[in-house]
Amino acid sequence: MGTLIPWILVVIAAARLVHLDADPGLIKSILTNAADVGDEAYWAFGAINLILFHTLVSDNYLQAATSPFYTVITYVAYWLFGVSMYTTRLPNAVLGIAAVVIAYRLMEPYSRPAAFVAGLTLALENHLFIHSRMGQVEATCGFFALLAFYLLIRSKAPGLAGAALGLSV
């Protein structure tokens, strides 16, 4: 049973990948916050320009200056899998799953039940779930902030923790 618990968390976290390219649901639309999804074009603009037009700037609008690392992550996803809504959202979904694993691993040395609760709480947390299913920077920033904390506490690697923290901004 002990080795099954981390896999249960991964399966729950992997729910982020189901219908990743779908439009926001009815409840999100009724609550009038479905407009967040429109920002995906803003955050993907630089990567789309690089893939389709081989230039970072195709007009006087340079989104990549506000989040260059996110542009690189999105560019790599487009380069590997092509430009699509699914591909725009895929890096955040994968980082959302990885955040659940890191939360589990962070607490595991103290108590396996506490690690399971930490992982389960993060896997089911509404805001992380929603933002890891959108092509925006929030889930990426949250993942790298959590990774920085993990590296600082567990690996005693302040240099790596500082790099991860820098990537979270």
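In which helix is Val-72 found? Val-72 sits in helix H4, which covers residues 68–81. Keep in mind that this is a predicted model.

- With 14 residues, H4 reaches 20 Å from its first C-alpha to its last, close to the 20 Å expected at 1.5 Å a residue.
- The buried residues in H4 are Tyr-70, Thr-71, Ile-73, Thr-74, Ala-77 and Tyr-78.
- These residues cover an arc of only 160 degrees around the axis, so they end up on the same side of H4.

**The largest nonpolar core**

- In soluble globular proteins, nonpolar side chains tend to be buried together.
- Here, the largest nonpolar core has 13 residues, and those touching the most other members are Ile-102, Phe-143, Phe-144, Leu-147, Tyr-150, Leu-151 and Ala-164.
- At least two residues of this core come from each of helix H5 (85–107), helix H8 (138–155) and helix H9 (158–167).
- H8 gives the largest share of this core, with six residues.

**Helix H6**

- Helix H6 takes in the 13 residues 112–124, which should span 18 Å at 1.5 Å a residue; the end C-alpha atoms are 18 Å apart, so the two agree.
- Ala-115, Gly-119 and Ala-123 are the buried residues of H6.
- Looking down the axis of H6, you'd see its buried residues fall within an arc of 65 degrees, so they line one face of the helix.
- Pro-113 and Leu-124 are exposed, and they're on the face of H6 turned away from its buried side.

- Look for Tyr-42 in helix H3, residues 39–53.
- Is Tyr-42 buried or partly exposed? Tyr-42 counts as partly exposed because its relative accessibility is 28%.
- Tyr-42 and Leu-62 are 20 residues apart in sequence, and their C-alpha atoms are 9.5 Å apart in space.

Terms used:
Residues numbered from 1 in each chain as written. Predicted model: local features only at pLDDT ≥ 70, side-chain atom pairs only at ≥ 80, totals over all residues. Heavy atoms only, no water. Helix = DSSP H or I, 4+ residues; strand = E, 2+ residues; numbered from the N terminus. Expected span 1.5 Å × (residues − 1). Buried < 20%, exposed > 50% of the residue type's maximum accessible area, 1.4 Å probe, protein only. Arc of directions from axis to C-beta. Core = buried A, V, L, I, M, F, W, Y, C linked by side-chain atoms within 4.5 Å.
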